[in-house]
Amino acid sequence: MTKLLKMKTNSVDSRFEAIRFIVAIGVALLVALILIFMVSKEPFQALQYLFLGPISKFRKIGNIIETAIPLTYLGLSVSIMFAANQFNMGSSGALFLGGTTAAIIGLVLPLPFGIHPLVAILAAGVMGGLWTSIPAFLKLKFGASELVSSLMLNFVAFNICIFIIMNYFRDLNAGTLASTKFFETVLLSNLVPGTRISYGLIILVIMVILSWLFMSKTKWGYALRMTGLNVNFAKFSGISTAAVILYSQFLGGFLAGMGGASEMLSLYDRFKWQMMPSYAFDGVIVSVLGKQKPQYVPIAALLLAYIRVGADTMSINGDVSFEMISIIQGFIIILIAANAFLKKYRQKMVVKEATEND
Amino acid sequence: MEEIIRMENILKVYPNGIVANRNVNFSIVKGEIHALVGENGAGKSTLMKILFGIEQVTEGKIFLNNQEVVFNNPQEAIKHGIGMVHQHFMLVPSLTIAENIVLGDEPKSGIMMDINKAIKDTKEIAERYHFDIDPKMKVEDCSVGTKQKIEILKALFHGAQVLILDEPTAVLTPQETEELFKELQLLKEKGHTIVFISHKLNEVKEISNRITIMRAAKDVGTYQTEKVSKEDISNLMVGKEVLWDLNKSKAQPKETTVKVRNISLINEHQRELLSDVSFSIRKGEILGVVGVEGNGQRELVDVLTGLNEISLGKIEIENVDIKGFSIRKIRDLGLSHIPEDRMKLGIAERASIEDNLLSIYYDKKDFLKGPFLKAKQINEWSKAKVKEYLVKTGSEKTPVKMLSGGNIQKVVVAREFSNSPKVIIADQPTRGIDVGAAQFIHKKLIQLRDEGAAVLLVSADLTEVMDLSDSLIVFYNGKITAYFEDASKLNEHELGLYMLGIKHQSDEEVRRCMYD
């Protein structure tokens with residue numbers, strides 16, 4: 001009897017999670033709906049742009065995927081670090097640093113076609129990984145919170161990059177801050193004509209698969225997950241938790257660094273980044289939506305990208321501004337992250353299952 | 001006799017789906033000592049937590065003096081004159097006894113707390129109930145028995161008429177238990193009503209007027225204590241005849257596996273937690289460790305298993321000095337560890353049973369192909385372990401937090417016992433789990449002993465250590481104060497005298513536990 005009960009509770013949990021996810025998005029969209037009706041003179045038009053805009057044109061579908069690529073890299077990055085219970089927020093710094101590293105390799109290192117972008121992406125990954133390892137090292141050595149140090153280091157990363165580009169690679173003929181042009185061999189060429197999707201997409205797919213394999217199928221992934229779930233238990237079992245703390249954060253930064261390189265070499269032919277990309281918390285959003293599982297991260301990234309492209313379309317064509325979308329995002333995250341959301345409903349489900357067995 | 005509390009048709013379902021109370025009816029009359037007995041996990045604590053407002057009912061009603069009441073939190077229950085002393089004390093160690101007792105209802109002078117009045121009040125209430133305590137003493141310096149007195153006084157200070165005691169004797173020595181019982185009798189004479197949760201039948205028979213027995217979340221009746229025998233109670237609790245016989249053959253100890261010589265452990269406050277401890281554990285024997293909690297047993301386990309490092313002395317496992325060894329390296333010598341705190345160290349509750357079984361084997365050759373885990377082999381192996389260790393679950397992929405305490409412990413034990421351990425450190429191996437699971441673990445321990453493991457058993461449950469151990473050492477104040485070569489020849493009362501430090505053996509007698 002107890003056996004039956006336990007099984008049922010299990011299925012209640014997965015069912016409940018699915019329901020909660022859908023309701024969270026539903027509530028957030030409802031809030032968006034209300035806001036749009038409040039601010040827009042043509043609310044139906046605006047809604048159409050928001051929901052159907054992203055699939056109205058082939059180019060727009062391309063936009064969804066373009067937007068989803070860096071989001072996926074960041075989501076993978078954050079997921080691996082969070083799964084180890086390391087709250088390293090350095091992904092956006094690592095991404096910026098990775099982009100800059102790739103740019104510099106594209107500027108100074110002449111390499112043959114085909115090898116050049118791979119070297120640039122790999123170097124960007126290593127730089128990103130080393131960067132996010134700094135908070136890990138500080139934590140192990142001095143007990144500093146990785147959350148605080150990684151957030152602060154984002155600013156350091158950003159300013160170092162801008163400093164290097166401005167002082168050593170700036171194209172004085174360009175009106176704004178930009179480097180000279182990269183060697184053409186370094187660029188990731190276009191994969192889908194009519195969009196800006198490059199061969200970077202294939203690299204990303206490989207990275208998603210590798211991340212999933214790493215997390216669920218290897219001994220390192222196992223040690224990482226156990227450390228994340230209960231560090232005392234991991235230590236007690238003889239798992240080297242210090243190693244996990246280091247490699248989880250190195251890999252997180254590595255993926256973010258690759259993401260930066262992929263962006264840089266797909267969308268630009270020279271370094272043009274002017275400010276910190278707005279990615280700071282995007283990785284966290286995607287990671288939370290994807291339950292910190294690499295296999296779900298691309299889906300979460302696509303969902304977020306869809307909403308963003310829709311918002312973009314709405315703000316260009318309609319009279320509702322893009323900021324609206326930050327509000328929707330905020331709601332989704334709060335509702336999904338809030339453990340107690342729909343708790344009463346869950347309790348009812350559990351009680352029903354439990355007493356039905358009488 | 002006047003009924004003071006009545007709980008009707010209580011149903012409690014926890015968020016994890018466990019039904020802790022099902023149609024429970026419970027009633028207490030004024031001025032009685034009412035024992036609430038049942039196996040671990042039968043729902044006694046839950047029922048009392050509901051009465052004290054810590055948990056809320058799913059269905060059912062509570063009446064206080066025939067008025068229906070709803071307690072949303074303990075503060076409301078306290079206001080209605082209900083007090084509870086928990087199994088784990090809820091005191092602030094760095095404050096004095098007086099400060100702890102008035103906490104939550106401090107006497108004030110202006111905006112400041114009136115310390116002198118607090119001390120005076122504490123003295124008064126202690127005298128009224130004949131409790132011998134010093135209000136100015138810090139709680140961290142008090143013994144376990146005193147801490148319990150403080151908890152009781154605290155409840156009385158806050159106006160408790162009904163006092164709930166959750167397994168109050170679990171942490172006490174036999175002598176302290178006697179003292180507690182005298183105090184409870186006195187409280188009863190003064191008109192207080194007491195609910196006494198226990199599963200120690202001797203005590204229940206001795207102290208209570210009436211008994212309510214719970215089994216598997218239901219109540220199986222309330223009885224006048226003098227009208228039921230211990231055997232009756234035991235049968236009602238378990239629902240079947242309990243076989244107490246362990247079928248233990250005499251130990252045949254062989255060569256020494258663990259050699260502990262002159263170890264000391266000094267903490268950052270320069271306190272000696274272990275001082276000059278020496279003993280040996282031999283192949284094929286169970287060495288029991290007893291002592292009142294906080295006399296060095298925990299520290300001993302920590303240094304043997306690599307969770308902490310000794311300050312002085314030497315520990316050898318299979319003739320290897322473990323100085324500076326990581327937990328991993330110590331485990332590789334063949335040591336297994338059942339930790340005292342199973343939720344903190346023994347498992348990752350959100351991980352599956354399979355993942356929990358794997359944690360000390362995940363990088364062993366049999367389960368790996370390159371860096372990849374062999375999913376199929378692991379799954380088959382964990383299925384077999386779940387079966388062998390009778391873990392009640394639908395699937396080995398179920399998260400461990402869905403299991404009951406006894407089944408969680410079976411997962412821990414299955415993991416720790418599956419590598420043919422040479423040394424087993426079993427720290428409270430059956431604390432808080434049901435009789436069936438406990439018996440199963442006991443049998444396994446004896447089986448491994450017979451297969452040649454050296455076992456160190458630390459337990460606060462005296463019956464357990466005395467039944468299971470071949471030899472016994474007593475810890476008092478970080479030292480071994482007694483060694484008994486044959487544990488079966490001891491009685492609880494005598495052991496209690498050693499545990500309290502009233503008696504101790506000569507150095508020569510203690511030195512016998514080194515064998516060489």
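Modeller: Ready. This is a predicted model, so every value is computed from predicted atoms.

Biologist: Why is R308(A) called buried?

Modeller: A residue counts as buried if 20 or more other C-beta atoms lie within 10 Å of its own. R308(A) has 22 within that distance, so R308(A) is buried. Its place is in helix α12 of chain A, residues 297-317.

Biologist: Which residues does R308(A) touch, leaving out those up to four places away in sequence?

Modeller: T67(A) and I325(A). A contact requires C-beta atoms within 7 Å. As for I80(A), its C-alpha atom is separated from that of R308(A) by 24 Å, and the two residues are 228 apart along the chain.

Biologist: What share of the contacts in chain A with a separation of 6 or more comes from residues 24 or more positions apart?

Modeller: The share is 80%.

Biologist: Now chain B. How does its radius of gyration stand against the rule?

Modeller: A compact globule of 516 residues would have a radius of gyration near 24 Å, and chain B has 24 Å, so the two agree. Its C-alpha atoms fill a box of roughly 65 × 50 × 50 Å along the principal axes. Buried residues make up 46% of the 516. Chain B has 18 helices and 24 strands.

Biologist: What confidence does the predictor give chain B?

Modeller: The mean pLDDT of chain B is 89, on a scale from 0 to 100. In chain B, 97% of the residues reach 70 or more. The model as a whole scores ipTM 0.85 and pTM 0.79.

Biologist: Why are β23(B) and β24(B) called paired strands?

Modeller: Pairing requires at least two bridges between the strands. Five bridges join β23 (residues 471-476) to β24 (residues 479-484) of chain B, so they pair, and they run antiparallel.

Biologist: Which residues touch the most other members of the largest nonpolar core?

Modeller: V455(B), L457(B), I473(B) and V474(B), in a core of 175 residues. Beyond its neighbours within four places in sequence, L457(B) is in contact with several residues, including I286(B), V289(B), A426(B) and L468(B). A second, separate core has 64 residues, among them I10(B), A77(B), I97(B) and L184(B).

Biologist: What makes β6 and β12 of chain B the edges of their sheet?

Modeller: The sheet is open and has six strands in the order β6-β9-β10-β3-β11-β12, with mixed pairing. β6 (82-85) and β12 (218-224) each have a single partner strand, so one side of each is left without a neighbour in the sheet. Neighbouring strands are turned by 20 degrees against each other on average, direction ignored.

Biologist: How many bridges join β3 and β11 of chain B, and do they run parallel or antiparallel?

Modeller: Five bridges join β3 (residues 33-38) to β11 (residues 210-215), and these strands run parallel. In β11(B), T212(B) is the bridge partner of L36(B). Helix α5 of chain B, residues 144-157, packs on this sheet and touches β6 and β9.

Biologist: What is the strand order in the open sheet of four strands?

Modeller: The order is β2-β1-β4-β5 in chain B, with antiparallel pairing. β2 (19-29) and β5 (67-69) are the edge strands, as each pairs on one side only. The twist averages 25 degrees from one strand to the next.

Biologist: How do you know that β4(B) and β5(B) pair?

Modeller: They share three bridges, and at least two are required, so they pair. One bridge is between F63(B) and E68(B).

Conventions:
Residues numbered from 1 in each chain as written. Chains lettered and ligands numbered in written order. Predicted model: local features only at pLDDT ≥ 70, side-chain atom pairs only at ≥ 80, totals over all residues. Core = buried A, V, L, I, M, F, W, Y, C linked by C-beta atoms within 7 Å. Buried ≥ 20, exposed ≤ 12 C-beta atoms within 10 Å, placed from the backbone. Contact = placed C-beta atoms within 7 Å. Rg over C-alpha atoms; globule rule 2.2 N^0.38 Å. Axes fitted to C-alpha atoms, helices over the stretch in contact; angles between N-to-C directions.
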